[in-house]
Amino acid sequence: MSRKVKNVNPLITKIFKENDIQNIADAQDLMKDMFKIWFLSCLKLKWMKPLDIPRDRNGSFESPVIPKYSRDISDIEDKIISMHGRGMSTKDINTHLEEIYGMSFSSI
């Protein structure tokens with residue numbers, strides 16, 4: 001026994017006809033697609049900002065912290081531990097690394 005629905009919004013009827021919605025699975029797929037479009041547009045508007053990354057066409061940039069083709073910076077950890085072992089405070093170590101590498105590190 002089918003149930004008659006009263007006062008159906010004409011916009012919903014139009015959307016269902018345009019997208020050939022035949023069953024619940026079709027309606028769920030349409031809702032997923034609509035949510036995905038909405039979510040991505042919100043991300044682009046609020047959080048995705050264009051990054052201004054300078055190009056290095058010649059490959060001449062040398063990182064002072066991580067050498068080229070290296071993924072391990074454990075030698076920095078060893079240096080920090082040795083400075084701490086020699087009696088430097090966390091604040092002094094952070095200031096020293098900021099002078100050398102141009103960036104500050106967390107004391108945690």
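**Close-up views of a predicted model**

View 1. Leaving aside residues up to four places away in sequence, isoleucine 93 touches Ile80, Met83, His84 and Met88, where contact means heavy atoms within 4.5 Å. This is a predicted model, in which local features need pLDDT of at least 70 and side-chain atom pairs count only at pLDDT 80 or more, while totals for chains, interfaces and linings use all residues. Residues are numbered from 1 along each chain as its sequence is written, and side-chain values use heavy atoms, with hydrogens and water left out. Isoleucine 93 counts as buried because its relative accessibility is 6% (buried means under 20% relative accessible area, exposed over 50%, and partly exposed in between, with a 1.4 Å probe and protein chains only). Methionine 83 is 10 residues from isoleucine 93 in sequence, and their C-alpha atoms are 7.0 Å apart in space.

**View 2. The salt bridge between lysine 14 and glutamate 18.** The side chains of these two residues meet at 3.9 Å, N to O, and a search of the whole structure finds one salt bridge, defined as a side-chain nitrogen of Lys or Arg within 4 Å of a carboxyl oxygen of Asp or Glu. Lysine 14 and glutamate 18 are separated by about one helical turn because they are four residues apart in helix α1. Lysine 14, at 49% relative accessibility, counts as partly exposed, whereas glutamate 18, at 57%, counts as exposed.

**View 3. The residue that follows helix α1.** After α1 comes aspartate 20, whose phi is positive, near 50°.

Terms used:
Helix = DSSP H or I, 4+ residues; strand = E, 2+ residues; numbered from the N terminus.
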